[in-house]
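Look at the fold first, then read on.

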Amino acid sequence: HYFDIANKAENKTQARISYFRAIKERPNQGGVNLRFARSLRDAKEAEFRYHKASIMMPKSKTVYNEWGCLLSEQGKLEGQEELFRKTVELDSNFVTGLCNLAGVLTEKGRFEEAMVLFEKAYWKAPKHLNCNNNWGLLYLILGKYEQAVVKLQKAIELQWIYYPPHMNLALAYCCLGKDAEAKESLKKGLVMLES
């Protein structure tokens, strides 16, 4: 409770002290480590807390998914696949986990595996923004520009203020030789990026 108040007031020192007290009082409660990890700006310390939370809460898909996202934010590809696989292993219907794993596989050039996961995620949640955007990006990488346009337009319909689909759509249109559409998408993407 004290941590939440201190964290909202942006008093990081008091929040940190409150977390350490909570950990001291409840050393085997994974939720405390998970919440602490979310608040930390130091990536190594956050990874340590996610690791501790995973030991105490081995069946929590949230722990593994957030830990994988932390690695992604740091640009660390190593370790992400294992964490997102664990997420999907714990809940095969977790669309965000499926999309995150598919994204990692795309980065590793394992396109067929990624395609299967994006398709599975899409059938579970056709209005999932990142599924449509990232699947569109995979089509773009594979040179399937028309399919990319369809997925990216769907992502834009879902949330038009999210800039990545606009930028990806600009690339797809450019590859199709549709320069006017590419310029328009790029312009919209830049406006979103600056907002």
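## H7 against H8

H7 passes H8 in a left-handed crossing. The model is predicted. Helix H7 covers residues 95-107, and helix H8 covers residues 111-124. Their axes are 8 Å apart, at an angle of about 160 degrees. That makes H7 roughly antiparallel to H8, because angles over 145 degrees count as roughly antiparallel.

On the H7 side, the residues in contact are Val-95, Leu-98, Cys-99, Leu-101, Ala-102, Gly-103, Leu-105 and Thr-106. On the H8 side, they meet Phe-111, Glu-113, Ala-114, Leu-117, Phe-118, Lys-120, Ala-121 and Lys-124. By class, the contact of H7 with H8 holds 11 nonpolar, 2 polar and 3 charged residues.

## H7 on its own

How far apart are the end C-alpha atoms of H7? They are 18 Å apart. This agrees with the span of 18 Å that 13 residues should give at 1.5 Å a residue. Just after H7, Gly-109 takes a positive phi of about 80 degrees.

H7 is mostly covered, with 10 of its 13 residues buried. The buried residues are Val-95, Gly-97, Leu-98, Cys-99, Asn-100, Leu-101, Ala-102, Val-104, Leu-105 and Thr-106. They pack against helix H5 (61-73), helix H6 (80-90), H8 and H9.

## H9 and its cover

Helix H9 has 13 residues. From its first C-alpha to its last, H9 reaches 19 Å. That is close to the 18 Å expected at 1.5 Å a residue. Just after H9, Gly-143 has a positive phi of about 80 degrees.

Which residues of H9 are buried? They are Leu-129, Cys-131, Asn-132, Asn-133, Trp-135, Gly-136, Leu-138, Tyr-139 and Leu-140. What covers these buried residues includes H7, H8, helix H10 (145-158) and H11.

## H9 against H11

H9 runs over residues 129-141, and helix H11 over residues 163-175. Their axes come within 10 Å and cross at roughly 20 degrees. That makes H9 roughly parallel to H11, because angles under 35 degrees count as roughly parallel. The crossing of H9 and H11 is left-handed.

H9 brings Asn-133, Leu-137 and Leu-140 to the contact. H11 brings Pro-164, Pro-165, Asn-168, Leu-171 and Ala-172. The residues of this contact divide into 6 nonpolar, 2 polar and no charged.

## H11 against H12

Helix H12 spans residues 179-194. The axes of H11 and H12 come within 8 Å and cross at roughly 160 degrees. H11 and H12 are therefore roughly antiparallel to each other. Their crossing is left-handed.

From H11, the contact takes in Tyr-163, His-166, Met-167, Leu-169, Ala-170, Tyr-173 and Cys-174. From H12, it takes in Glu-181, Ala-182, Ser-185, Leu-186, Lys-188, Gly-189, Leu-190, Met-192 and Leu-193. By class, the contact of H11 with H12 has 11 nonpolar, 3 polar and 2 charged residues.

## Phe-48 in H4

Phe-48 lies in helix H4, residues 43-56. Why does Phe-48 count as partly exposed? Its relative accessibility is 43%, and partly exposed falls between the buried cut-off of under 20% and the exposed cut-off of over 50%.

Phe-48 and Asn-33 are 15 residues apart in sequence. In space, they are 9.0 Å apart, C-alpha to C-alpha.

Terms used:
Residues numbered from 1 in each chain as written. Predicted model: local features only at pLDDT ≥ 70, side-chain atom pairs only at ≥ 80, totals over all residues. Heavy atoms only, no water. Axes fitted to C-alpha atoms, helices over the stretch in contact; angles between N-to-C directions. Helix = DSSP H or I, 4+ residues; strand = E, 2+ residues; numbered from the N terminus. Parallel < 35°, antiparallel > 145°, perpendicular 65-115°, else oblique. Left-handed = near helix turned anticlockwise from the far one by under 90°. Contact = heavy atoms within 4.5 Å. Nonpolar A, V, L, I, M, F, W, Y, C, P; charged D, E, K, R; others polar. Buried < 20%, exposed > 50% of the residue type's maximum accessible area, 1.4 Å probe, protein only. Expected span 1.5 Å × (residues − 1).
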